[in-house]
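Then turn to the pocket and the backbone.

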Amino acid sequence: MTLSQKQQQFTRMVGKLIVWADANGYALTFGEAHRTPEQARLNAKSGKGIANSLHSQRLAVDFNLFIGGVWQTDSRAFLPLGEYWESLGGSWGGRFKTNPDGNHFSLEHDGVR
């Protein structure tokens with residue numbers, strides 16, 4: 001599958017996640033949807049990401065989650081969304097072994113999750 005085809009698949013998956021979240025009482029706003037390669041390198045240097053970020057390839061998005069109007073910052077609050085995302089075939093940052101990142105939703109590409 002080409003990168004363009006994966007990006008299209010990812011976009012459809014994000015749409016499904018947003019609709020599912022809304023139907024289940026979760027409110028989402030976009031956090032970081034795209035990251036330049038320069039920003040990815042800076043984040044990696046500061047320990048807040050990886051240089052080969054899927055955000056740079058438009059295959060990852062971070063969401064802000066609100067439940068009952070309250071902004072959620074604990075990765076565990078994202079668990080239902082993460083499980084749904086995984087059922088679509090995506091990778092959820094709440095499963096990262098080091099530094100769980102519950103607001104991160106991505107589609108694996110070339111071994112990067």
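**Helix packing, pocket and backbone**

The crossing of H1 and H3 is right-handed. This is a predicted model. Helix H1 covers residues 3–23 and helix H3 covers residues 79–87. Their axes come within 10 Å and cross at roughly 140°. Angles over 145 degrees would count as roughly antiparallel. H1 and H3 are therefore oblique to each other.

Which residues meet in this pair? From H1 come Phe10, Met13, Val14, Lys16, Leu17, Trp20 and Ala21. They meet Pro80, Leu81, Tyr84 and Trp85 in H3. By class, the contact of H1 with H3 has ten nonpolar residues, one charged residue and no polar ones.

Now the largest pocket. Its volume is about 560 Å³. The lining of the largest pocket has 21 residues. Nearest the pocket centre lie Lys48, Gly49, Ile50, Phe96 and Asp101. The class make-up of this lining is four nonpolar, nine polar and eight charged residues.

Last, the backbone. Most residues other than glycine have a negative phi. Where does arginine 58 lie? Arginine 58 is in the loop between helix H2 (37–45) and strand E2 (60–67). Its phi is positive, about 60°, although arginine 58 is not a glycine. Asparagine 99 also has a positive phi, near 55°, and is a residue other than glycine. The loop that holds asparagine 99 runs between strand E4 (91–92) and strand E5 (104–106).

Notes: Residues are numbered from 1 along each chain as its sequence is written. This is a predicted model: local features need pLDDT of at least 70, side-chain atom pairs count only at pLDDT 80 or more; totals for chains, interfaces and linings use all residues. Side-chain values use heavy atoms; hydrogens and water are left out. On a 1 Å grid over the protein atoms alone, a cavity is a set of points where a 1.4 Å probe fits but cannot get out, and a pocket is an open set with protein on both sides within 12 Å along at least five of seven lines; lining residues have an atom within 4 Å of a point. Grid points are joined across faces, edges and corners, and a volume is the space filled by probe spheres set on the points. Ala, Val, Leu, Ile, Met, Phe, Trp, Tyr, Cys and Pro count as nonpolar, Asp, Glu, Lys and Arg as charged, and the others, Gly among them, as polar. Axes are lines fitted to C-alpha atoms, for helices over the stretch in contact, and angles run from 0 to 180 degrees between N-to-C directions. Helices (H or I, at least four residues) and strands (E, at least two) are DSSP runs, numbered from the N terminus. Angles under 35 degrees count as roughly parallel, over 145 as roughly antiparallel, 65 to 115 as roughly perpendicular and the rest as oblique. A crossing is left-handed if the near helix is turned anticlockwise from the far one by less than a right angle, and right-handed if clockwise. Contact means heavy atoms within 4.5 Å.
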